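I opened my notebook to look up a few things in this structure. Here are the entries, in the order I made them.

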Amino acid sequence: MTDEAISRPVSALIAAFLLAIIHQYLFYGKLAGVSYPIFVSLFYIFMLYYAKDKIRKPTGFSYTLLGVIALLSLTNALFHNWFFFELNLLVIPVLIVLHMTYMLSDKRPSWSRIGIIGNALEHFFPQTLRHWNTVLTIVKRTNGRKLQDERKQVLVKVLIGLAISFPLLLIVISLLSSADGVFKHILNEFPTLLERISFGEGFVRVLWVVVLGLGFFGLVWGFVDSKIYNWTLPQPNESELELEPTTFKVDPVIITTILIAINTVYVLFVFVQFSYLFGAWEGILPADSSYADYARSGFFELIMVTAINFVILMLALLSGEKGNLLLHRIINVLLYVLVGCSTVMLYSAYTRLTLYEQAYGYTYIRFLVHSFMIFLALLLCLAAIRISKKEFPLAKCYIVLGLLSYVVMNYIGMDVIIANNNIDRYEVSSNIDAAYLSRLSPEAIPTLISFSRKENGLLDNNLRDELVDFRKKERSWQSFNVSEYRAERALEKYFEE
């Protein structure tokens, strides 16, 4: 093996362990903050530099996914919503592995097909683990050949130099300690510093670095020197019966029958809904039904039915068999009716939840359900386009819409919206859940301060507790968060007035 062939994996191995050291420095015992986007940037530099020969020509999706990963990484430094913080601990690494697979894999997977997930899992597990053995090979070859000649001689000379330096250091340190009291004090504190170091913690840190270093090297080298795995079942012999490839097809008559039966019930349901769906806003409700009862009744059932309708719609669109022209048109009309009825059901559920919030307040779960219903409505709109345009790239649109929607949810300011809506509800009903508002993320603190100032200190006790909690937290630059910083400054300024 040539020197260049040896030096490149050696360099990658050293860089992988340096990246692992940085990782434990940034995250061990510390909450992710500004450290997260810093590490993601370093990881991309590491991966793309050592696997630069494998990078495929960038596409619009590769840039989109890179932008999504960058924006989601920045949320750790900008916001402090616990729901998305914990969810992003899973989402961001998954997106990074998928992005690396799309950009670097020799198989050049399509981003809109399910096969990219299998390719990503292949690189994350067998390809990565396979190159842990490569680390041992690198160490053997490096030590075996180099240390037998020049490097071994250099190592011996270094050890001789340290042996000579040791008595000289004892004499020099003794003289400098006598000459400078501050230097002597620092030396006296050094044993105390060693006592503070936990060897248990040191072991965990070393293990952290070793495992991640091997993992980072295995991941990047799995792309650089990948092995082709054949996960398909063995092909049958000529004498064996060959099975035809299976494709999902449903007879158009069956689809038509199902759609007619379901749509008949849905049209009747929608007709009944219109009798009081829009009138509920003006006080027209079903007999013996209060706003709370109306809002609560059937909400989750409507969501479930809409989800079932969406599944039926997808099965009909993907069945790929529409029969003759007349039957094809009938199926398309029935699918449009299904989409229309599903939209009315979504609107009914949305209305019920809005009434329920007006009666009982706004919370995380209710906000997320609202958002999910809007997202589902957008999916239905795209599906409606696909009904008449068979060439419409539905899967690609769904993937892009899902990614962009998730980024929007991270940046929309959920806590501020919830706080404002509860404040608006207070102005109408004089009811407010101060304890719940105090559990919102720091992004909502300025809004709560303005409200408390306006209402003669209604939330001052809760805000004061928040300030105490902020001051108790241990500070590290790795965990710096813009939202927390602004909230603490706003609280200090408010209580200094």
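I began with the second largest cavity, whose lining is Ser105, Asp106, Lys107, Glu122, His123, Gln127, Ser226, Lys227 and Ile228. A cavity here is a set of points, on a 1 Å grid over the protein atoms alone, where a 1.4 Å probe fits but cannot get out, and a lining residue has an atom within 4 Å of a point. The second largest cavity holds about 30 Å³, a volume being the space filled by probe spheres set on grid points joined across faces, edges and corners. I sorted its lining by class and got one nonpolar, four polar and four charged residues (Ala, Val, Leu, Ile, Met, Phe, Trp, Tyr, Cys and Pro are nonpolar, Asp, Glu, Lys and Arg charged, and the others, Gly among them, polar).

A note on the source: this is a predicted model, where local features need pLDDT of at least 70 and side-chain atom pairs count only at pLDDT 80 or more, while totals for chains, interfaces and linings use all residues. Residues are numbered from 1 along each chain as its sequence is written, and side-chain values use heavy atoms, with hydrogens and water left out.

How many cavities of 30 Å³ or more does the whole structure have? I found two. The largest cavity has a volume of about 150 Å³, and among its 14 lining residues Phe79, His80, Asn81, Phe84 and Asn410 lie nearest its centre. H4 gives the most to this lining, with three residues (helices are DSSP runs of H or I with at least four residues, numbered from the N terminus). The classes for the largest cavity are five nonpolar, seven polar and two charged residues.

**The largest pocket**

Next I looked up the largest pocket, which has about 1200 Å³ of space; a pocket is an open set of points with protein on both sides within 12 Å along at least five of seven lines. Its lining has 39 residues, and Pro93, Val94, Leu95, Ile96 and Val97 lie nearest the centre. Helices H1 (3-27), H2 (35-50), H3 (60-78), H4 (82-104), H5 (115-130), H9 (199-224) and H15 (394-411) each give two or more residues to this lining. I noted 32 nonpolar, five polar and two charged residues there.

**Rings**

I searched the whole structure for aromatic pairs and got 24 (rings of Phe, Tyr and Trp, its six-membered ring, with centres within 6.5 Å; planes under 30 degrees apart are stacked, over 60 edge-to-face, the rest tilted). Phenylalanine 27 and tyrosine 36 are edge-to-face, because their planes stand at 70 degrees, with centres 6.1 Å apart. Phenylalanine 61 and tryptophan 111 are stacked, because their planes are at 5 degrees, with centres 4.0 Å apart. That pair links helix H3 to the loop between H4 and H5, so it ties together parts 50 residues apart in sequence. Phenylalanine 61 and tryptophan 111 are both buried (under 20% relative accessible area; exposed is over 50%, partly exposed in between, with a 1.4 Å probe and protein chains only).
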